[in-house]
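Trainee: Before I use this model, I would like to know what stands behind the labels put on it.
Mentor: Then ask about them one at a time.

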Amino acid sequence: MIDHLGTFYICTTCYNDLKNGMCTVEKYNLPTSYGSLKGRIVLRQDLNDEIVDLNICPLCAKSSLVKHAVSLDLWSASTVSPDLDDYKQWAIDLIEKTIEERISHGFEYPPGSGHIFGLKTRGAINWLGLLVTASAQDYVSAPPKVDSEDGTFTLVMNSANEVTTVVLLAMYTVKQHLDAGGNAQREIRSNTATTVEQVDAILNQYL
Ligand SMILES: [Zn+2]
């Protein structure tokens, strides 16, 4: 079920994906001998050895700074069948990380504007707190302001209605991610998912 792939220097994007458990064989450019296998690449060991070298990243095949030394394993589902309960738990954990990752991407307001507001911002904006104080706010002399995630735009809210709209959108975004992930986790946990392939199908639909 687990194959040791070896030690590689990889790019920061792939490194972060690995730490999030997001690396599938389909997504990455593995040696041909692994190319036809279904499965996922997992981080066996973070070797904590940084070099800075412009090279081709062996995972994504892009030319970039490959600076993270890692030891990689391949969890292949198609060669040997993993223990179903282990695989279910692994899939459930992966969904949990994905939920957090999707929430961390924030939400766009106004829709279509390209302005992204964080749900885990550096400033830890308390969206609910904004809602609690909304009716007592002085919108003429001190309208509430929130900076977009990249700091290039400041949203000035001119009414309690707008505060409500923005905060509800923030809460709705979190709820959508929690619901979608929670449903997939429930499906995987349920007794109707009886094979690794069924777990994969649920996972792939969700991811
Ligand atoms: Zn890469």
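**Labels and their cut-offs**

Mentor: Read from the N terminus, the elements of the protein run β-α-α-β-β-β-α-β-β-α-β-β-α-α. The model is predicted, so to speak of local features a pLDDT of at least 70 is needed, side-chain atom pairs count only at pLDDT 80 or more, and totals for chains, interfaces and linings use all residues. Residues are numbered from 1 along each chain as its sequence is written.

Trainee: What makes a stretch a helix or a strand here?
Mentor: Both are DSSP runs numbered from the N terminus: helices are H or I over at least four residues, strands are E over at least two. By that rule the protein has 6 helices and 8 strands.

Trainee: How do you know how α3 and α5 are oriented to each other?
Mentor: Helix α3 (residues 84-104) and helix α5 (residues 160-189) pack at about 175°, with axes 9 Å apart. Axes are lines fitted to C-alpha atoms, for helices over the stretch in contact, and angles run from 0 to 180 degrees between N-to-C directions. Under 35 degrees counts as roughly parallel, over 145 as roughly antiparallel, 65 to 115 as roughly perpendicular, and the rest as oblique. α3 and α5 are therefore roughly antiparallel.

Trainee: Which residues of α3 and α5 meet?
Mentor: Contact requires C-beta atoms, placed from the backbone, within 7 Å. On the α3 side the residues include A91, I95 and I99, and on the α5 side they include L178, G181 and I188. The residues of this contact divide into 9 nonpolar, 4 polar and 3 charged. Ala, Val, Leu, Ile, Met, Phe, Trp, Tyr, Cys and Pro count as nonpolar, Asp, Glu, Lys and Arg as charged, and the others, Gly among them, as polar.

Trainee: What is the orientation of α5 and α6?
Mentor: The axes of α5 and helix α6 (residues 196-206) come within 10 Å and cross at roughly 175°. α5 and α6 are therefore roughly antiparallel. A180, G181, A184, E187 and I188 in α5 meet V199, I202 and Y206 in α6.

Trainee: Why is D46 called partly exposed?
Mentor: A residue is buried with 20 or more other C-beta atoms within 10 Å of its own, exposed with 12 or fewer, and partly exposed in between. D46 has 13 C-beta neighbours inside 10 Å, so D46 counts as partly exposed. D46 lies in strand β2 (residues 39-50).

Trainee: Is A61 buried or exposed?
Mentor: A61 has 10 other C-beta atoms within 10 Å, so A61 is exposed. This residue is in the loop between β3 (54-56) and β4 (63-76). A61 also has a positive phi of about 65°, although it is not a glycine. Most residues other than glycine have a negative phi.

Trainee: Why are the buried residues of α1 said to line one face?
Mentor: C14, Y15, D17 and L18 are buried in helix α1 (residues 12-19). Seen down the axis of α1, they fall within an arc of 160°, so they line one face of the helix. The arc is that of the directions from the helix axis to the C-beta atoms.

Trainee: What makes a nonpolar core?
Mentor: It is a set of buried Ala, Val, Leu, Ile, Met, Phe, Trp, Tyr and Cys residues joined through C-beta atoms within 7 Å. Of the 14 residues in the largest one, I10, C11, C14, Y15, L18 and C57 touch the most other members.

Notes: Two residues are in contact if their C-beta atoms, placed from the backbone, lie within 7 Å.
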